[in-house]
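Work through the following exercises with the coordinates open. Each task is followed by a solution in steps.

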Amino acid sequence: MKWMYSCPLCQKRRTIEWKDRKDSHKCHNTKNSYIPPSPSEQHSAYVDTHKWPKEMEDVVVKIKGKACTVPGCKKDFETLDHRVPWSMSGNTSVDNLFPMCESHNLSKGDTDYQIWFMFKDD
Ligand SMILES: [Zn+2]
Ligand SMILES: [Zn+2]
């Protein structure tokens, strides 16, 4: 799994292995070393897989809460939803993931959240 973030020193896009994110990396432009941003430090940073790491889920739930994100739904979240679907180039990032119950997530499927929300029956 890769971790894509923008370099805290020069803002350029960098890709590293997720498992190496706690190691020191060298900025190619400034030649200085830094520790890559974590999911809690850079919400737009993303992994290259549909499934998110637990560390990212914890940040999403901490920021957005434990309840299903669909208004009126009283359930606790059971999964995270890619608000912009993975199939439509939505990222697996803190920015694009929202807590959701299983039935709403199944109903939404691969549809964009805004469009699904407008047309859903319940
Ligand atoms: Zn850099
Ligand atoms: Zn729900």
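Rings of Phe, Tyr and Trp, the last by its six-membered ring, form a pair if their centres lie within 6.5 Å; planes under 30 degrees apart count as stacked and over 60 as edge-to-face. The model is a predicted one.

**Exercise 1. Aromatic pairs**

Task: Find how many aromatic pairs there are by this rule, then classify the pair Trp3 and Trp18.

Solution. 
- Step 1. Applying the rule gives a count of four aromatic pairs.
- Step 2. For Trp3 and Trp18, the ring centres are 5.1 Å apart and the planes meet at 80°, so this pair is edge-to-face.
- Step 3. Check the accessibility class: Trp3 and Trp18 are both buried.

**Exercise 2. Charges over rings**

Task: Identify which ring the charged end of Arg21 sits over, and which ring that of Arg83 sits over.

Solution. 
- Step 1. The charged end of Arg21 is placed over the ring of Trp18, at 3.7 Å from the ring centre.
- Step 2. For Arg83, the ring is that of Tyr113, and the distance to its centre is 3.8 Å.

**Exercise 3. The zinc site**

Task: List the donors of the zinc ion (ligand 1), give their spacing along the chain, and explain why Cys7 and Cys27 tie together separate parts.

Solution. 
- Step 1. The zinc ion (ligand 1) is coordinated by the SG atoms of Cys7, Cys10 and Cys27, at 2.1 to 2.3 Å.
- Step 2. Along the chain, these donors follow the spacing C-x2-C-x16-C.
- Step 3. Cys7 is in the loop between β1 (2–6) and β2 (13–17), while Cys27 is in the loop between β3 (25–26) and β4 (33–34); the pair therefore ties together parts 20 residues apart in sequence.
- Step 4. Cys7 and Cys27 are both buried.

**Exercise 4. Surface patch and positive phi**

Task: Name the residues of the nonpolar surface patch, then locate Lys31 and Ser89.

Solution. 
- Step 1. Ile115, Met118 and Phe119 make a nonpolar surface patch of about 370 Å². Phe119 is part of helix α3 and, at 63% relative accessibility, counts as exposed.
- Step 2. Lys31 lies in the loop between β3 and β4. Its phi is near 65°, a positive value in a residue other than glycine, and with a relative accessible area of 54% Lys31 is exposed.
- Step 3. Ser89 is in the loop between β6 (79–82) and β7 (92–93). Phi of Ser89 is positive, near 70°, and Ser89 is exposed at 65% relative accessibility.

Notes. Residues are numbered from 1 along each chain as its sequence is written. Chains are lettered from A and ligands numbered from 1 in the order in which they are written. This is a predicted model: local features need pLDDT of at least 70, side-chain atom pairs count only at pLDDT 80 or more; totals for chains, interfaces and linings use all residues. Side-chain values use heavy atoms; hydrogens and water are left out. Donors are N, O and S atoms within 2.8 Å of the metal (3.2 Å for Na, K and Ca); water is not among the atoms, so sites may look incomplete. Helices (H or I, at least four residues) and strands (E, at least two) are DSSP runs, numbered from the N terminus. Buried means under 20% relative accessible area, exposed over 50%, partly exposed in between (1.4 Å probe, protein chains only). A charge sits over a ring if NZ of Lys or CZ of Arg is within 6 Å of the ring centre and within 35 degrees of the ring normal. Patches are made of residues with over 30% relative accessible area and no salt bridge: like charges are joined within 9 Å, nonpolar side chains (Val, Leu, Ile, Met, Phe, Trp, Tyr) within 5 Å. Accessible areas come from the Shrake-Rupley method with a 1.4 Å probe; for residues, only the protein chains shown count as cover. A salt bridge is a side-chain nitrogen of Lys or Arg within 4 Å of a carboxyl oxygen of Asp or Glu.
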